[in-house]
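Dear colleague,

Please find below the structure that I am handing over to you. A summary of the findings follows it.

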Amino acid sequence: MDNKRNDKRKNERKNERKELICAVTAVVVLYMAMESIGITCPIKFITGISCAGCGMSRAWLAFLQLDMAKAFAYHPLFWLVPIAVIVLLCKSKINIKIYKIIIFTIIIMFAIVYICRLIWSGDDVVVFEPQNNILFRIIRVINSK
C-alpha cells in the first residue's frame, strides 16, 4: 500500500516538473515569436505600462556579455529568476513553509522593485505611458486618415 502511494507521489512530482518545464518553454517560444514581430513586452504593448519583468531579457544578455552594471541597470532582480526556477523544480524536496516563504519573498521583492522603478525610473526600460497602448495607437492611426 505504501509503495503505491510513493509511486503515485513520484509520478505527481514528475508530472508537475514536466508541466513547469512545458510552461516555461511555451513562454520562451511565445516571447521569441512576439519579439520577432517587434513586440518586446506584451503587457507594455497592450497597456503602455511596463511589466514587473521589463528589462529582464536585456539584463540577461548583458550578464552573458559579463557587463554586470548594465545587467543590474536593466533589471536589478535578474539573478532571482534561476533561483525561483530551482525552487519551483525542487518544491517537493523543500519544507512547505520554507517554500512559501521563499516564493512570497521573491514576489514581494519584485513588487517593491517594480513600484520603485515606476516611480523613480528616468530611463526607457520602465515606462508609465498608458497613452501609448495599442488601443490609443489604433485610434490615432484611424483619426489621422
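In which helix is the place of Ile83? Ile83 belongs to helix 5, residues 80-89; helices (H or I, at least four residues) are DSSP runs numbered from the N terminus. Before going further, please note that this is a predicted model, in which local features need pLDDT of at least 70 and side-chain atom pairs count only at pLDDT 80 or more, while totals for chains, interfaces and linings use all residues. Residues are numbered from 1 along each chain as its sequence is written, and side-chain values use heavy atoms, with hydrogens and water left out.

Ile83 counts as partly exposed because its relative accessibility is 38%; the class lies between buried (under 20% relative accessible area) and exposed (over 50%), with a 1.4 Å probe and protein chains only. Together with Leu66, Met68, Phe72 and Trp79, Ile83 forms a nonpolar patch on the surface, with about 490 Å² of accessible area in total. Patches consist of residues with over 30% relative accessible area and no salt bridge, where nonpolar side chains (Val, Leu, Ile, Met, Phe, Trp, Tyr) are joined within 5 Å and like charges within 9 Å. Areas come from the Shrake-Rupley method with a 1.4 Å probe, and for residues only the protein chains shown count as cover. A salt bridge is a side-chain nitrogen of Lys or Arg within 4 Å of a carboxyl oxygen of Asp or Glu.

Leu66, another member of this patch, is in the loop between helix 3 (56-64) and helix 4 (68-74). Leu66 is exposed because its relative accessible area is 70%, and its phi is near 65°, a positive value in a residue other than glycine.

Helix 5 also holds Val87, which is buried because its relative accessible area is 7%. Apart from residues up to four places away in sequence, Val87 touches Ile94, Tyr99, Ile102 and Ile103; contact means heavy atoms within 4.5 Å. Val87 and Ile102 are 15 residues apart in sequence, with 8.0 Å between their C-alpha atoms.

Val127 is found between helix 6 (96-120) and helix 7 (134-144), and Ile49 between helix 2 (42-47) and helix 3. Val127 is buried because its relative accessible area is 12%. Its C-alpha atom is 8.9 Å from that of Cys51, 76 residues apart in sequence. Beyond its neighbours within four places in sequence, Ile49 is in contact with residues including Tyr114, Leu118, Phe128 and Pro130. The C-alpha atoms of Ile49 and Asn133, 84 residues apart along the chain, are separated by 7.9 Å.

Finally, Arg5 lies in helix 1 (residues 2-36) and is partly exposed because its relative accessibility is 47%.

Definitions and conventions:
Helices (H or I, at least four residues) and strands (E, at least two) are DSSP runs, numbered from the N terminus.
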